[in-house]
Amino acid sequence: MNEQKILHFFRDALIIAFGVLFAAVILGPTHIRYANFLSLFVVAVFISLLNAFLRPMLISFALPLLLTTFGLGAAGTGLFRARSLLGALALFGVVSVFGLWIVNACIFSLASFLAGSSFVVEGFGSAMLGSVFTSLATLFICAFFGIRRRSLLGDVLRGGMPRRDDAGTPPPPPPPRRRAPRERDDDVIDI
């Protein structure tokens, strides 16, 4: 990885650290306790790494469960009728968001476990609330400063993809290839 990707990773970790600080301040010490800002930054690095490598696997494992629970909930409420397709899609969106919320809370709890006693989350409910407040804070920080975040795993997987500059514009396309002129065959008689 080059220097710019490493700097972007630490910038994103710093943004997440401010998001975790926001969650800890809002929820208070009864839900989230931390020793100092350095411990928040360490937790943010853990969250960034877990988001990069573990989150895609958790989402892929949770996808069948999301689809199954959508099917059970929609069948139970009668949302499979043609006139309520919009309701079925809305329910699927709610179930999907709830599933991703649980994945985020699992990552938040696991980061707390990895940080040890310097960062403690009291229970899974506190992890769910902490992940929501952290997500909201990072969303507002990125929107305020105009930052587009990319995942570390996405950068690794896009190794051969065309790069974009900091403004987000793609590089110019390569010039079109021209064919070599064909030789004319004057031996053919057209009738």
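Setting aside neighbours within four places in sequence, Phe 119 is in contact with Val 20, Ile 32, Arg 33, Tyr 34, Leu 40, Val 43, Phe 108 and Ser 112. Contact here means heavy atoms within 4.5 Å. Phe 119 is also buried, with a relative accessible area of 0%. Buried means under 20% relative accessible area, exposed means over 50%, and partly exposed is in between, using a 1.4 Å probe and protein chains only.

Before going on, a word about what we are looking at. This is a predicted model, in which local features need pLDDT of at least 70 and side-chain atom pairs count only at pLDDT 80 or more, while totals for chains, interfaces and linings use all residues. Residues are numbered from 1 along each chain as its sequence is written, and side-chain values use heavy atoms, with hydrogens and water left out.

pLDDT is the predictor's confidence in each residue, from 0 to 100. The chain has a mean pLDDT of 74, and 63% of its residues reach 70 or more. Confidence is highest in β2, at 90, and lowest in helix α6, residues 152-157, at a mean of 48. Over residues 78-82 the pLDDT is below 50, and this stretch has 10 contacts in the model beyond near neighbours in sequence.

Now the layout. The chain has six helices and two strands. These are DSSP runs, numbered from the N terminus: helices are H or I with at least four residues, strands are E with at least two. Along the sequence the pattern reads α-β-α-α-α-β-α-α. The chain has 191 residues, and 30% of them count as buried. Among contacts with a separation of 6 or more, 70% come from residues 24 or more positions apart.

Next, the core. Which residues have the most contacts inside the largest nonpolar core? They are Val 20, Ile 32, Val 43, Ile 47, Phe 108, Phe 119 and Val 121, in a core of 26 residues. At least two residues each come from α1 (3-27), α2 (37-53), α4 (85-115), β2 (119-121) and α5 (123-145). Helix α1 gives the most, with eight residues. By definition, a nonpolar core is a set of buried Ala, Val, Leu, Ile, Met, Phe, Trp, Tyr and Cys residues joined through side-chain atoms within 4.5 Å. As background, nonpolar side chains in soluble globular proteins tend to be buried together.

On to the aromatic rings. The count comes to six aromatic pairs. Rings of Phe, Tyr and Trp (its six-membered ring) pair if their centres lie within 6.5 Å; planes under 30 degrees apart are stacked, over 60 edge-to-face, and the rest tilted. Why is the pair of Phe 10 and Phe 41 called stacked? The ring centres of Phe 10 and Phe 41 are 6.3 Å apart and the planes are at 20°, so the pair is stacked. Phe 10 sits in helix α1 and Phe 41 in helix α2, 31 residues apart, so the pair links distant parts of the chain. Phe 10 is partly exposed at 38%, and Phe 41 is partly exposed at 21%.

Phe 108 and Phe 119 form an edge-to-face pair, with 6.0 Å between centres and 75° between planes. Phe 108 is in helix α4 and Phe 119 in strand β2, so this pair ties together parts 11 residues apart in sequence. Phe 108 is buried, at 3%.

What lies around strand β2? Val 120 is in that strand and is partly exposed, at 21%. Leaving out neighbours within four places, Val 120 is in contact with His 31, Ile 32, Arg 33 and Ser 112. Ala 35, in the loop between β1 (32-34) and α2, is exposed at 58%. Ala 35 and Phe 119 are 84 residues apart in sequence and 6.6 Å apart in space, C-alpha to C-alpha.

One more residue: Thr 134, in helix α5, buried at 7%. Not counting residues up to four places away, Thr 134 touches Ile 16, Gly 19, Val 20, Ala 23 and Phe 108. A polar atom of the Thr 134 side chain lies 2.7 Å from the backbone oxygen of Gly 130.

Last, cysteines. Cys 106 is partly exposed, at 34%, and Cys 142 is buried, at 10%.

Conventions. A polar contact is a pair of N or O atoms within 3.5 Å; within protein, one must be able to donate a hydrogen and the other to accept it, and residues adjacent in sequence count only if both atoms are side-chain atoms.
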